[in-house]
Amino acid sequence: MKIGIIVAMDKELNQLKSLFNDGNVLVQKCGIGKVNAALGAQRMINEFHPDVIVSSGCAGGNGDDINIQDIIVSSELCYHDVYCGRAIDDTTIYGQVQGLPARYQTEPWLLEKADQLAKQQTDMKLHKGLIVTGDWFVDSKEKMRSIVDLFPEAKAVDMESCAIAQTCYINQVPFISFRVISDIPLRDTDASQYHNFWDTVAQHSFMTTKMFVETIL
């Protein structure tokens, strides 16, 4: 089985590439944001032909049960900044690209593997749930509230996952996203938690990604 891992930034790329020396695993950086994420995923599909694509990185967290270092596994994904209107199709909902799914669902067998991993690693706080994506670094309570008002069940907010999910859906490639919570915008007004995160706990997420990939190879 060939596994493609996509990250957004050099910090993530450097840490993850050092963990893999298997030719069946390819780690690539796409860049920040939805367009870069989609282009990176399509390039990986065209050139590497992976059986599964995994997105790894960080995200802002949401929910009373979510804390920094917790890991969110995508059970479903959508956009928080997409609205196609109702002029043509009044069945398309907020967060949905017209003609495509309202939410992209992660393959059940990938979620089962994540569940098994969580049971084996008792020190791991892993939550399955909705990840919402948009071209906005959420660094204020006001912006986070505006997103949560629309998607109260969202566990994490990032800038790439749903764009990769959409690309994988179109290409019929199974996809899952692992996001370690770097900050909690509704509890941290100046995003200081995010900046400190890179010096302290990012490695925790990447080891989780490595262990997950090893369970499906």
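# Reading the labels on a predicted model

Student: Why is Phe 151 called buried?

Tutor: In this predicted model, Phe 151 has a relative accessibility of 4%, and since buried means under 20%, Phe 151 counts as buried.

Student: What makes the pair of Tyr 94 and Phe 151 tilted?

Tutor: The ring centres of Tyr 94 and Phe 151 are 6.1 Å apart, and a pair needs centres within 6.5 Å, so the two rings count as a pair. Their planes stand at 45 degrees, whereas stacked requires under 30 degrees and edge-to-face over 60, and therefore the pair is tilted. Tyr 94 lies in the loop between β4 and β5, while Phe 151 lies in the loop between α4 (141-150) and β7 (154-158), 57 residues apart.

Student: Why is Tyr 94 called partly exposed?

Tutor: Tyr 94 has 33% relative accessibility, and because partly exposed covers the values between buried, under 20%, and exposed, over 50%, Tyr 94 counts as partly exposed.

Student: How many aromatic pairs does a search of the whole structure find, and what makes the pair of Tyr 83 and Tyr 94 stacked?

Tutor: The search finds four aromatic pairs. One of them joins Tyr 83 and Tyr 94, with 5.9 Å from centre to centre and 25 degrees between the planes; as stacked means planes under 30 degrees apart, this pair is stacked. Both residues, eleven apart, are in the loop between β4 (71-79) and β5.

Student: What is remarked about phi of His 49, and why is His 49 called exposed?

Tutor: Phi of His 49 is near 55 degrees, a positive value in a residue other than glycine. His 49 lies in the loop between α2 (34-48) and β3 (52-61), and its relative accessible area of 52% is over the 50% cut-off, so His 49 is exposed. Phi of Gln 172 is also positive, near 60 degrees; Gln 172 sits in the loop between α5 and β8 (175-183) and, at 74% relative accessibility, counts as exposed.

Student: How do you know that the charged end of Lys 143 sits over the ring of Trp 136?

Tutor: The charged end of Lys 143 is 4.1 Å from the centre of the Trp 136 ring, and the distance limit is 6 Å. Lys 2 lies over the face of Phe 48 at 4.5 Å from the ring centre, a value also within 6 Å.

Student: What makes up the lining of the second largest pocket?

Tutor: The pocket, with a volume of about 180 Å³, is lined by residues including Leu 77, Tyr 104, Glu 107, Cys 168 and Phe 175. The lining divides into nine nonpolar, two polar and one charged residue, and its largest share, three residues, comes from α5.

Conventions: Residues are numbered from 1 along each chain as its sequence is written. This is a predicted model: local features need pLDDT of at least 70, side-chain atom pairs count only at pLDDT 80 or more; totals for chains, interfaces and linings use all residues. Side-chain values use heavy atoms; hydrogens and water are left out. On a 1 Å grid over the protein atoms alone, a cavity is a set of points where a 1.4 Å probe fits but cannot get out, and a pocket is an open set with protein on both sides within 12 Å along at least five of seven lines; lining residues have an atom within 4 Å of a point. Grid points are joined across faces, edges and corners, and a volume is the space filled by probe spheres set on the points. Helices (H or I, at least four residues) and strands (E, at least two) are DSSP runs, numbered from the N terminus. Ala, Val, Leu, Ile, Met, Phe, Trp, Tyr, Cys and Pro count as nonpolar, Asp, Glu, Lys and Arg as charged, and the others, Gly among them, as polar. Buried means under 20% relative accessible area, exposed over 50%, partly exposed in between (1.4 Å probe, protein chains only). Rings of Phe, Tyr and Trp (its six-membered ring) pair if their centres lie within 6.5 Å; planes under 30 degrees apart count as stacked, over 60 as edge-to-face and the rest as tilted. A charge sits over a ring if NZ of Lys or CZ of Arg is within 6 Å of the ring centre and within 35 degrees of the ring normal.
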